[in-house]
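Biologist: I am new to this structure. Please take one part and look at it closely, strand by strand.

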Amino acid sequence: RTPDAVAVVAEGVETSYAELDERANRIAQFLVSQGVGPESIVGLCLPRGIDTVAAILAAWKAGAAYLPMDPEYPAERIGFMLRDSGVVLTLTTEEILDELPAGRGRLVALDDPLTATQLAAAPATSPGVAVERDGLAYVIYTSGSTGRPKGVAVTHGGLANYVTWAADAYGKGTGGAPLHSSLAFDLTVTSVLVPLISGSAVVVSPVGGAEGLAELIRASDEFGLAKVVPAHLPVLSEMLADEHTTASARTWVVGGEALPGAVVREWLERSPDSVVVNEYGPTEAVVGCSVFEVRPGQEVGESVPIGRPVANTQLYVLDERLSPVPVGVAGELYVAGTQLARGYLGRAGLTAERFVASPFASGARMYRTGDVARWSADGQLEYLGRADEQVKIRGFRIEPGEVQAALLAHPGVARAAAVAREDTPGDRRLVAYVVPADETDAEELPSLIKQFATARLPEHMVPSAVVVLDALPLTVNGKLHREALPAPDYSGAAGSGREPSTHEEKVLCEVFAQVLGLERVGVDDDFFVLGGHSLLAVRLIN
């Protein structure tokens, strides 16, 4: 409708809708020439930018689905995703190509001179491949409890329902949205597709994360929409001056984990013209399936409700017999409706376990979320936690079993457990507890395990601390006694090295200690060894 309007802004370069469409058409024509078609899966391992957006659209124009992979993921995890998904080919860049595992299907660098020539010669028109409502739109891998990540297969019909609803609910119009999150995180679906179907711009941060988002806010006019996880808001509040916070975005959509009321209250005090929407939704139900809106001056409790279902979605709070529980009584949350994913790619057993027949509609399915919730007297849904061991840290869904499996793969580990701890309010961290194998040096084991895990797991799944124990504490029933696990002592590794010798070093050590919550930090201490992570690093820089 508006071919000359700006569709994508990346590194100061504006791309119009007409130019984006032409780029996507050429890539789609190339994909079709390489054998890509309906139900094919195209891997995308690209940095945030115009080609990322064009490649998503190109996969759909070719009738295929896309599989997003973060270039920062370890090669072993990317290799698994490529092998497990059966991708026809993967689009990437020459720089990233050198880091990808060999022998995992065809890898195509879009900036390779030969590929660039082929794309330039390809027709600028769409291949005209029909896309069905039940056709595969994308596959996103989430953490798996067995140690094996699982690919969630999302359909075009489910995706269209969410995006159409979100564009209407979050306000069509000017302002666009910042793209700062990983393509492999379904939070990004909102940041890319909602502005595109609204005729506004996707503004890309090459840096990404909270730091990249803060840079975009400082350099841009007010965004119409910004999608973040709860941990982003306090960090942004520290990083941004009042004038930038006030004019940051009209609507803040917050998802990924439980949203504390204090975080919302503090943000709206600084940004009184904005609205915060608590958006709940597992990947298996396409990004967001229930929302609660908070406006300035509105009373909110310690935890923000997840509200009511979006269009064409039903939410049920059920007991173990799949019967609805009374208002105010906790039960397991089930999701039904248009947005349900097909299931897990190549995992029929797991799909049947999690996607069950609905007793409320003939032939319908429900997704068993594993989340515990209850209905309030005024018809709002309240999130109470997990029924299983799955946790969320900084918005990322993590199955401790997958982390545990990675730890047990180390030859020096006999037993292991991975637990999310919040020893400091608002700072949730993943901690590993290990029992060393015979003849293993217990002192060296923590650093060896962190190196081992870093090479196999994404950054958000690498434990911030490794605690070595003689044995894992057990309950009388033989299960892990979580309450008996000791808190990690980050201070034990701090301040043992060289003392600061200059004023600058002294100031830096004091700031490190303040951010990490430690009494002292030495000049040669490692920020990440002491429990630091990406969001704390942003706070440190600020």
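Modeller: Here is the setting, then the close look, then a second sheet for reference. This is a predicted model, in which local features need pLDDT of at least 70 and side-chain atom pairs count only at pLDDT 80 or more, while totals for chains, interfaces and linings use all residues. Residues are numbered from 1 along each chain as its sequence is written, and side-chain values use heavy atoms, with hydrogens and water left out.

The setting comes first. The chain has 16 helices and 26 strands. These are DSSP runs numbered from the N terminus: helices are H or I with at least four residues, strands are E with at least two. With 542 residues, a compact globule would have a radius of gyration near 24 Å, and the chain agrees at 24 Å. That radius is taken over C-alpha atoms, and the globule rule is 2.2 Å times the number of residues to the power 0.38. Along its principal axes the C-alpha trace spans about 65 × 60 × 50 Å. Of the 542 residues, 54% count as buried, meaning under 20% relative accessible area with a 1.4 Å probe, protein chains only.

Now the close look, at strand β20. It covers residues 365-375. Two strands pair if DSSP finds at least two bridges between them.

Take β17, residues 331-337. It runs antiparallel to β20, and five bridges join them. Gly-331 has Ala-373 of β20 as its bridge partner.

Next is β19, residues 355-357. It pairs with β20 over three bridges, in the antiparallel sense. Here Phe-355 stands opposite Tyr-367 of β20.

Then comes β21, residues 381-386. It too is antiparallel to β20, over five bridges.

Five strands form an open sheet in the order β11-β12-β13-β14-β15, with mixed pairing. β11 (223-228) and β15 (308-309) stand at the edges with a single partner strand each, so one side of each has no neighbour in the sheet. Inside that order, β12 (residues 249-254) and β13 (residues 275-280) run parallel, joined by four bridges. Thr-251 has Val-275 of β13 as its bridge partner.

Technical notes
Buried means under 20% relative accessible area, exposed over 50%, partly exposed in between (1.4 Å probe, protein chains only).
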